[in-house]
Amino acid sequence: MDLHDRMRGVAALAALTRIAVAVYDQKTDLLRTFIHSSEGDAALTRYVARLSDVPSLAEIAQTGHPRVVDDISCYNGAREHSRRVIEGGFRSSYTLPLLNHGRLSGFLFFNSPEPGFFSPCILHQLWPYAQVAAYIATMELDRIHVIQAAVHTVIRISRERDDETGAHLDRMSRYARMIGECLAESHTLSDEFIEYLFQFAPLHDIGKVAVPDRILLKPGRLDAEETAEMQKHVDKGRSIIDMMSDSFGLDQVPHIEILRNVVSYHHESWDGSGYPHGLKGGEIPIEARITAVADVFDALTSTRPYKHAWSNQQACDFLQEMSGKKFYPPAVDALLNNPSMVEAIQKQFVETQFD
Ligand SMILES: [Fe+2]
Ligand SMILES: [Fe+2]
């Protein structure tokens, strides 16, 4: 963070060693670490908590007032978050809510290893920087939401005639995030990457808007010519993203290539037998490999006009069988090894109606 470097250039703020943003998901009440700027801050990545379980943050959200904690160790490590902040070498904190038109979108944290660092005098100097940091963070989250809203509108319109439901998108994006979290360490995926993957995964089939009704709505199996037409949804999706990129200035959005890759490569197979490019193994971006597993697992376990829902066991057997062929083995393993998380997601996002 450029801003962080500038702030530390101000002598009085040199001991401000960490700035972090946690993003809040209204639908699940979950708070996740998103971006941070600090040295050796691994202790605080991939932190997830339910906001209602952290009363001190819930209070900040409710009142809209920032909070200073002079010595985090006074919490005695009672909460995992405090414990990890202390382990990270930090003693004091200053926390601001990120509010977007009155709605909580996350929190901005400032930390220092010095107890009592955030004195009234320091806060006075920090204030303008904190405002800018909060503004930048809110804008960034806002920007993603605007793009998402635009794309979801397109999806909603297209769903009038599509075979995929909102619950499918809710579930598959959460499977993708879960897989991303499992692979984070071995594949060095940052919290930021995983959050963008979660935000963008639901857009994988955006190109279906451009598939003709007679194919998209056909109740039975597609013949060869129809299948070829259906498969064009990938290239069409890519063109839609490029079009949006021009009109919304998407190229400014960090990690926008995750969206492009998810849309462009979610039907590629690990063994090279997928479409449209026939990419193989590591040629396929990791975000697309993860999305493919998340998407197919949910499609199999969902009811569609032309098929019954498979049981989780049947779908897992299929993934296992296709692991190393269609699917990236570590992504399959991540999903298979977390049955209780899968069930929790399924319980939370039940199909309300078939549209
Ligand atoms: Fe697709
Ligand atoms: Fe899908």
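A: Arg32 stands opposite Val48 in strand 3. Strand 3 covers residues 48–50 and is joined to strand 2 by three bridges, the two running antiparallel. Two strands count as paired if DSSP finds at least two bridges between them. The model is predicted, so local features need pLDDT of at least 70 and side-chain atom pairs count only at pLDDT 80 or more, while totals for chains, interfaces and linings use all residues. Residues are numbered from 1 along each chain as its sequence is written, and chains are lettered from A and ligands numbered from 1 in the order in which they are written.

Strand 2 (residues 30–37) also pairs with strand 1 (residues 18–25), in the antiparallel sense and over seven bridges. In this pairing Asp25 stands opposite Leu30. Strand 1 and strand 2 form a hairpin with four residues between them. Asp29, in the turn, has a positive phi of about 65°. In a regular strand the side chains alternate between the two faces of the sheet.

In the chain there are 14 helices and six strands. These are DSSP runs numbered from the N terminus, with helices (H or I) of at least four residues and strands (E) of at least two.

Among the helices, helix 5 (residues 166–187) packs with helix 11 (residues 286–300) at an angle of about 135°, their axes 8 Å apart. Axes are lines fitted to C-alpha atoms, for helices over the stretch in contact, and angles run from 0 to 180 degrees between N-to-C directions. Helix 5 and helix 11 are therefore oblique to each other; angles under 35 degrees count as roughly parallel, over 145 as roughly antiparallel, 65 to 115 as roughly perpendicular and the rest as oblique. Residues of helix 5 that meet helix 11 include His168, Arg171, Met172 and Tyr175. Among their counterparts in helix 11 are Ile286, Ile290, Thr291 and Val293. Two residues are in contact if their C-beta atoms, placed from the backbone, lie within 7 Å. By class, the contact of helix 5 with helix 11 has nine nonpolar, four polar and three charged residues. Here Ala, Val, Leu, Ile, Met, Phe, Trp, Tyr, Cys and Pro count as nonpolar, Asp, Glu, Lys and Arg as charged, and the others, Gly among them, as polar.

Helix 5 also crosses helix 13 (residues 329–336) at roughly 115°, with the axes coming within 9 Å. Tyr175, Ile179, Cys182, Leu183 and Ser186 in helix 5 meet Pro330, Ala331, Ala334 and Leu335 in helix 13. That contact divides into eight nonpolar, one polar and no charged residues.

Helix 6 (residues 191–200) contains Phe193. Eight of the 10 residues of helix 6 are buried, so helix 6 is largely enclosed by the rest of the structure. A residue is buried if 20 or more other C-beta atoms, placed from the backbone, lie within 10 Å of its own, exposed if 12 or fewer, and partly exposed in between. Phe193 counts as partly exposed because it has 18 C-beta neighbours inside 10 Å. The C-alpha atoms of Phe193 and Glu287 are 8.9 Å apart, although 94 residues separate the two in sequence. Helix 10 (residues 256–265) also has eight of its 10 residues buried, so it is largely enclosed by the rest of the structure. Over the chain, buried residues make up 36% of the 355 residues.
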